[in-house]
Amino acid sequence: MNYISTRGKITSENSVSSMYAIKTGLACDGGLFVPEQIPQISAEDIEKLCSLDYPHRAADVLSRFLTDYDYNYLLESAAKAYGDDRFVGGAAPLYKLDETRNVLELWHGPTCAFKDMALQIMPRLLTGALKGTGEKRTAFILVATSGDTGKAALEGYKDIDGIKITVFYPVEGVSRVQKLQMATQTGNNVNVCAIEGNFDDAQNGVKKIFSDTAFAEKLDENGYFLSSANSINWGRLAPQIVYYISAYCDLVKSGAINNGDYINVTVPTGNFGNILAAYYAKLMGLKINKLVCASNSNNVLTDFLRSGTYDRNRKFYTTMSPSMDILISSNLERLLYLMCGAKETAGYMKSLAESGKYTVGAECLAKIRESFEGYYCDEAGTAETIKKTFDEKNYLIDTHTAVAVKCADDYISETGDAKKMVIASTASPYKFAVDVLDALTGERDAEPLESLAKLSKITNTTIPAPLSGLDKREVRFNKTISKDDMLSEVAGELQIK
């Protein structure tokens, strides 16, 4: 299984291995790596996977995409990444909300967010790639985050030999808990820096550094090369495919569905990586009917999925679901490639860079609409859904999951589609305790960390260990810079003149 670029300069004639794709992160033409073919998974495969634990399911699925890795290495990596010591409560358990809706809890890892599902195993994939390709230089991981990716990447890569990591985040675009999680990160190879601007500014800054050939030469001269932990890296996306297949297996195993029945999936969506992973699972043969793309007030994806026009030239909203506060969804490029091919995708990306918008053709949009539905939920709807879910089901959800629940409900109500619905729950409610507490009681504390204890008390739920005592940990990183100074920050961190 080799990999090509979404923009056409890396084709079947000069395709690269999965190790190379994971090591470099981004293709040389600025495109994203995608597999040449989609491996298939049969009903018999599903039956077999139903009897396996999560690490074995992960190793099986990953081995279909990462064919240059030894299966035993993948299994060992998955066992370490998804062990009970890292995922208290299990990796990706499925909670039955009612006869139709099932919540896929992806936040039981060390940072209490779904990014752990990929970023606990991705460092092991990168380490394997460095060894497998004979790489002698130090990998410098550069990350832009809207909150959760940053902490998960820092936690996954801390003190890993041959790797350094710097994370940029929007200073006013993450929650107090997310900010403290990053600011107090331990590890001798990590760096965290806030920027003045929003997530798109951080993401654009990272992309500019990746595309700076002169800086790449300087990095090489000093024994470094750039790589990414964002979902533009295939090593981030591939592990996410696993948990949708695992969720289907759990539905079969519990008797909720028969092997071969179709399900629907709803995903709270910002950068489009999480829902794209579900689509790859569908392309593999998993019986997924519709993928409901759930957006918050920054509903650029909803508009695109309904009209075919992607237009980031709109008001940016800072919401209570900050990990979705994104107007440039990078992984949408992979979907465009799958639907329209490399030539058209390169044109759309050029138009997005130059004008901030593009419109796909009617045939391309029709293909997309066969699998995807776009819905969004505003701030009032998010708060109402948190309260309604707790009052009616005694089930506590965070702000991002609430967006997904509301959009799933709207889809079911409008279409009458009664298939089992898997709703991706992407964060612990305690990561956004201020807004969750406000939704439940109308109380908004001046000190955000006090909300954790109050939320625990009124809901009779337990604060996750990774979030307990955040205010007692040493703050190591408190720098804020202009979005235009990101390259200088990286050069300074690596002592490159």
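Helix 12 passes helix 14 in a left-handed crossing. Left-handed here means that the near helix is turned anticlockwise from the far one by less than a right angle; clockwise would be right-handed. Helices, H or I with at least four residues, and strands, E with at least two, are DSSP runs numbered from the N terminus. Before I go on: this is a predicted model, where local features need pLDDT of at least 70, side-chain atom pairs count only at pLDDT 80 or more, and totals for chains, interfaces and linings use all residues. Residues are numbered from 1 along each chain as its sequence is written, and side-chain values use heavy atoms, with hydrogens and water left out.

Back to the pair. Helix 12 covers residues 273-284 and helix 14 covers 332-340. They pack at an angle of about 30°, axes 10 Å apart. Axes are lines fitted to C-alpha atoms, for helices over the stretch in contact, and angles run from 0 to 180 degrees between N-to-C directions. Helix 12 and helix 14 are therefore roughly parallel. The classes: under 35 degrees is roughly parallel, over 145 roughly antiparallel, 65 to 115 roughly perpendicular, and the rest oblique.

Who touches whom? L276, Y279, Y280 and L283 of helix 12 meet R334, L335, L338 and M339 of helix 14. Contact means heavy atoms within 4.5 Å. By class, that contact of helix 12 with helix 14 has seven nonpolar, no polar and one charged residues. Ala, Val, Leu, Ile, Met, Phe, Trp, Tyr, Cys and Pro count as nonpolar; Asp, Glu, Lys and Arg as charged; the others, Gly among them, as polar.

S330 sits in the loop between strand 11 (309-311) and helix 14. S330 counts as buried because its relative accessibility is 6%. The cut-offs: buried is under 20% relative accessible area, exposed over 50%, partly exposed in between, with a 1.4 Å probe and protein chains only. Beyond neighbours within four places in sequence, S330 contacts L32, Q203, K207, I232 and N271.

Helix 9 (residues 199-210) packs against helix 21 at about 60°, with the axes 9 Å apart. Helix 9 and helix 21 are therefore oblique to each other. Their crossing is right-handed. D201, A202, G205, V206 and I209 of helix 9 make the contact with M486, L487 and V490 of helix 21. That contact of helix 9 with helix 21 splits into six nonpolar, one polar and one charged.

Five strands form an open sheet, order 8-5-6-7-15, with parallel pairing. Two strands pair if DSSP finds at least two bridges between them. Strand 8 (224-228) and strand 15 (480-482) are at the edges with a single partner strand each, so one side of each has no neighbour in the sheet. The twist averages 30° from one strand to the next. Strand 6 (residues 163-170) and strand 7 (residues 190-196) run parallel and share six bridges. I165 has V190 in strand 7 as its bridge partner. Helix 21 (residues 486-493) packs on this sheet, touching strand 5 (138-144), strand 6, strand 7 and strand 15, and its direction makes about 150° with that of strand 6.

On to strand 4, residues 101-105. How many of its five residues are buried? Five of the five. In a regular strand the side chains alternate between the two faces of the sheet. In strand 4, R101, V103 and E105 point one way, and N102 and L104 the other. Strand 3 (residues 94-96) joins strand 4 by three bridges, antiparallel. A hairpin of four residues links the two. L94 stands opposite L104. Strand 4 also pairs with strand 14 (residues 421-425), parallel, over five bridges. There, E105 has S425 as its bridge partner.

L106 is in the loop between strand 4 and helix 5 (116-119). Buried or exposed? L106 counts as buried, because its relative accessibility is 0%.

Last stop, helix 13, residues 300-307. V300, L301, T302, F304 and L305 are buried there. The cover over the buried residues of helix 13 includes strand 10, helix 14 and strand 13. Strand 10 (residues 288-295) pairs with strand 13 in the parallel sense over five bridges. In strand 13 (residues 372-376), four of the five residues are buried. G308 follows helix 13, with a positive phi near 90°.
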